[in-house]
Amino acid sequence: MRNIYVNESTNPIREIPLSTTGGIALIAVWKQRKDTWYVVKPWSEKNVIEALTPRQFHEAIQNGNR
């Protein structure tokens with residue numbers, strides 16, 4: 001799962017911009033050491049909204065939920 005999110009140079013993507021259906025901007029931040037995606041408010045990694053495993057993150061993106 002963790003190799004799904006790569007850019008053109010095959011480097012893992014560390015941050016993915018997201019938004020809610022209500023238009024709230026969020027960022028998904030990958031933390032390799034913890035093997036976890038953290039959904040946070042922009043410019044503030046201290047305000048974690050949700051922590052997801054790679055599988056949970058992939059399913060959330062594919063299904064458009066969470």
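Trainee: How many aromatic pairs does the count come to?

Mentor: Keep in mind that this is a predicted model. Rings pair if their centres lie within 6.5 Å. By this rule, the count comes to two.

Trainee: Take Trp 30 and Trp 37: is that pair stacked, tilted or edge-to-face?

Mentor: Their centres sit 5.4 Å apart, with 50° between the planes. Stacked needs planes under 30 degrees apart and edge-to-face needs over 60. Trp 30 and Trp 37 are both buried, by the way. With that 50° angle, the pair is tilted.

Trainee: And what kind of pair do Trp 37 and Phe 57 form?

Mentor: Here you get 4.3 Å centre to centre and 15° between the planes. Under 30 degrees is the cut-off to check against. So Trp 37 and Phe 57 come out, by that cut-off, as stacked.

Trainee: How far apart in sequence are the parts that this pair ties together?

Mentor: Trp 37 belongs to strand β3, residues 36-41, while Phe 57 belongs to helix α1, residues 54-63. Trp 37 and Phe 57 are both buried. The pair therefore ties together parts whose separation in sequence is 20 residues.

Trainee: Which residue in β3 stands opposite Ile 27?

Mentor: Strand β2, residues 25-31, runs antiparallel to β3, and five bridges join them. In β3, five of the six residues are buried. The residue there that stands opposite Ile 27 is Val 40.

Trainee: Which residue in the hairpin takes a positive phi?

Mentor: The hairpin of β2 and β3 has four residues between the strands. The phi in question is near 55°, and it belongs to Asp 35.

Note on methods:
Residues numbered from 1 in each chain as written. Predicted model: local features only at pLDDT ≥ 70, side-chain atom pairs only at ≥ 80, totals over all residues. Heavy atoms only, no water. Phe/Tyr/Trp six-rings, centres within 6.5 Å; stacked < 30°, edge-to-face > 60°. Buried < 20%, exposed > 50% of the residue type's maximum accessible area, 1.4 Å probe, protein only. Helix = DSSP H or I, 4+ residues; strand = E, 2+ residues; numbered from the N terminus. Pairing = 2+ DSSP bridges.
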